[in-house]
Amino acid sequence: MSILRPYKAYLFDLNGTMIDDMAYHVQAWSSILNDDLGAGLDYETLKAEMYGKNDELLVRIFGEARFSDVEMKDLSMEKERRYQAAFYPTLKLIDGLPRFLDEAKQKGIKMAIGSAAIPFNIDFVLNNLQIRHYFDVIVSADDVMVSKPHPDTYLKCASQLGVNAPECVVFEDAPKGVEAAQNAGMKCVVLTTMHDESEFRNYHNIIRFIADFNEL
């Protein structure tokens, strides 16, 4: 882990970074947006919209006047229920991450999760995989006003861990997440679970691309 030696804190995105589940999110959103709501989005368009909070996604696609706050919350929860039901049978950490977390904990590295997911989804992962004890801080969609690519998610992680932004390295899988890290003044390791390296060419804060954590 020599490339990680300068950093005091590891900040993890969750979906697509710690668990390889983004295809299940796309499937659940397609069911809601296309089958239920008739959005007519193709796969690549839908994949490109997979960032930020659920209500932010709904507003980007349908505009601000389509749904009430209550309707967006109901749609968000239904999407997450469909996602969890589909993904649960194969729920596991990305290869190499269990050992990586153990080694980081033993070395006294501070760790946090900074995710655009709602607590319902974060708890689904942490509780079922019994990994909550690794993380000193968890920042969810409910903890920031504006989600990624705004830097607040990762800046809040750093602040609550008591470290400066340059002392953190972020683990991400999505271009907008890498942009959030860049906006926060943080370097990034990218998991290529959902996006190709070419999709990150506009960012200058990436120190490594990996397929899984064994590569570290």
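Colleague: Buried means under 20% relative accessible area, so what counts as exposed or partly exposed?

Modeller: Exposed is over 50% and partly exposed lies in between, using a 1.4 Å probe and protein chains only. This is a predicted model, where local features need pLDDT of at least 70, side-chain atom pairs count only at pLDDT 80 or more, and totals for chains, interfaces and linings use all residues. Residues are numbered from 1 along each chain as its sequence is written, and side-chain values use heavy atoms, leaving out hydrogens and water.

Colleague: Thanks! Is Lys79 buried or exposed?

Modeller: Lys79 is buried, at a relative accessible area of 2%. Its side chain makes a salt bridge with Glu80, with 3.1 Å between the closest N and O atoms. A salt bridge here is a side-chain nitrogen of Lys or Arg within 4 Å of a carboxyl oxygen of Asp or Glu.

Colleague: And what about Glu80, buried or exposed?

Modeller: Glu80 is buried too, with 3% relative accessibility.

Colleague: How many salt bridges are there in the whole structure?

Modeller: The search finds 13. One of them joins Arg60 to Glu49, at 2.7 Å from N to O. That pair links distant parts of the chain, 11 residues apart: Arg60 belongs to helix 3, while Glu49 sits in the loop between helix 2 (43-48) and helix 3. Helices (H or I, at least four residues) and strands (E, at least two) are DSSP runs, numbered from the N terminus. Arg60 itself is partly exposed, at 30%.

Colleague: Which residue forms a salt bridge with Lys176?

Modeller: Glu179 does, and the closest N and O atoms are 3.8 Å apart. Both residues are in helix 8, and being 3 residues apart puts about one helical turn between them. Lys176 is partly exposed at 29% relative accessible area, and Glu179 is partly exposed at 21%. Elsewhere, shared partners tie Asp36, Glu78, Arg81 and Arg82 into one network of salt bridges.

Colleague: Back to helix 3. Which of its residues are buried?

Modeller: Helix 3 covers residues 54-62, and the buried ones are Asn54, Leu57, Leu58 and Phe62. They line one face of the helix, because they fall within an arc of 105° when you look down the axis. The arc is taken from the directions from the helix axis to the C-beta atoms. An α-helix has 3.6 residues a turn, so residues three or four places apart point the same way.

Colleague: What do those buried residues pack against?

Modeller: They pack against helix 1 (22-36) and helix 4 (69-87), contact meaning heavy atoms within 4.5 Å. Just after helix 3 comes Gly63, which takes a positive phi of about 90°.

Colleague: Which strand does strand 4 pair with in the parallel sense?

Modeller: One partner is strand 5 (residues 187-191), through 4 bridges in the parallel sense. Phe171 has Val189 of strand 5 as its bridge partner. From strand 4 the chain crosses through helix 8 (residues 175-183) to strand 5, and this β-α-β crossover is right-handed. Right-handed means that, with the strands pointing away from the viewer, the path from the first strand over the helix to the second runs clockwise. Strand 1 (residues 9-12) is also parallel to strand 4, joined to it by 4 bridges; there, Ala9 stands opposite Cys168. Two strands pair if DSSP finds at least two bridges between them.

Colleague: How many disulfides are there?

Modeller: The count is 0, a disulfide being a pair of cysteine sulfur atoms within 2.5 Å. Cys157 is in none, with its nearest cysteine sulfur, in Cys168, 8.1 Å away. Cys188 is 12 Å, sulfur to sulfur, from its closest, also in Cys168, which is too far for a bond. Cys157 is buried at 0%, and Cys188 is buried at 0%.

Colleague: Last one: where is Ser115 found?

Modeller: Ser115 is in the loop between strand 2 (110-114) and helix 6 (119-129), and it is buried at 1% relative accessibility. Leaving aside neighbours within four places in sequence, its contacts include Asp13, Asn15, Ser140, Lys148 and Thr153. The C-alpha atoms of Ser115 and Ile138 are 8.1 Å apart, with the two residues 23 residues apart along the chain.
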